[in-house]
Amino acid sequence: PQQALKAATAGDKRLKLQFFRRRVVLFPAFEVALRTAAFLIRQAEFLDEPGGLMVLAEGGCGKSFIGEQLALDFPRTESLYELHVPVVFITIPDSHDEKDLMVNLLSQLGEQVGKSDFTAVELESKLIEAFRRVKCRCIFVDEAQRLDTTTKNRRQADRKMGPIGERLKTLYSKAGVAIILAGTPSLEELVL
């Protein structure tokens, strides 16, 4: 490590940035989260129900960083004959719908479809097939606390995560992919 640091700092600005961009200093909580997420991803192909992980922290504490690190540890690979996407990543925006989510995921899995070209059920079927074809093992959902699209008075007890959360649960069951939800502590109310 010392020699690598010395070589990087002696080089030009681009080399310095490259060196420091790849260096990760993990606090114990991050290390546990990354190890658990990696375990889920590695084991997902062997289990009917691969499980999930909830990463809860206030804004700015590094939840998105965990997703970025997983992207480096489980990279998308593409050859002439095969596409392999072990992990897909979505960030829940302030306004969203389930068809947008599925079109986004299909795009990451190598399929370009329009939101208006298919019904939600047809998109779900295409997505399940695509998950299997590219050997996807995990969906990483950032800003997952935004899954709650209803007020507490209108929220059904068994449908706390809204339509997108329900779609994610269906994908988990039918496609056998692990789900990692990263969000603020308010996410806990939606899931537990």
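Which residue in E6 is the bridge partner of Leu-56? In this predicted model, the partner is Gly-183, and the pairing belongs to E1 and strand E6 (residues 178–183), which run parallel over five bridges. Strands here are DSSP runs (E, at least two residues) and helices likewise (H or I, at least four), numbered from the N terminus; two strands pair if DSSP finds at least two bridges between them.

The open sheet has four strands in the order E1-E6-E5-E4, paired in parallel. Strand E1 (52–56) and strand E4 (87–91) each have a single partner strand at the edges, so one side of each is left without a neighbour in the sheet. From one strand to the next, the twist averages 15 degrees, with axes fitted to C-alpha atoms (for helices over the stretch in contact) and angles taken from 0 to 180 degrees between N-to-C directions.

Helix H3 (residues 28–43) packs on the sheet and touches E1, E4, strand E5 (138–142) and E6, its direction making about 160 degrees with that of E1. Helix H4 (residues 63–73) lies across E1, E4, E5 and E6, at about 150 degrees to E5. Contact means heavy atoms within 4.5 Å.

As for confidence, pLDDT (the predictor's confidence in each residue, from 0 to 100) averages 83 for the protein, and 84% of the residues score at least 70. Residues 151–155 stay under 50, with five contacts beyond four places in sequence.

Residues are numbered from 1 along each chain as its sequence is written, and side-chain values use heavy atoms, without hydrogens and water. Local features need pLDDT of at least 70 and side-chain atom pairs 80 or more, while totals for chains, interfaces and linings use all residues.
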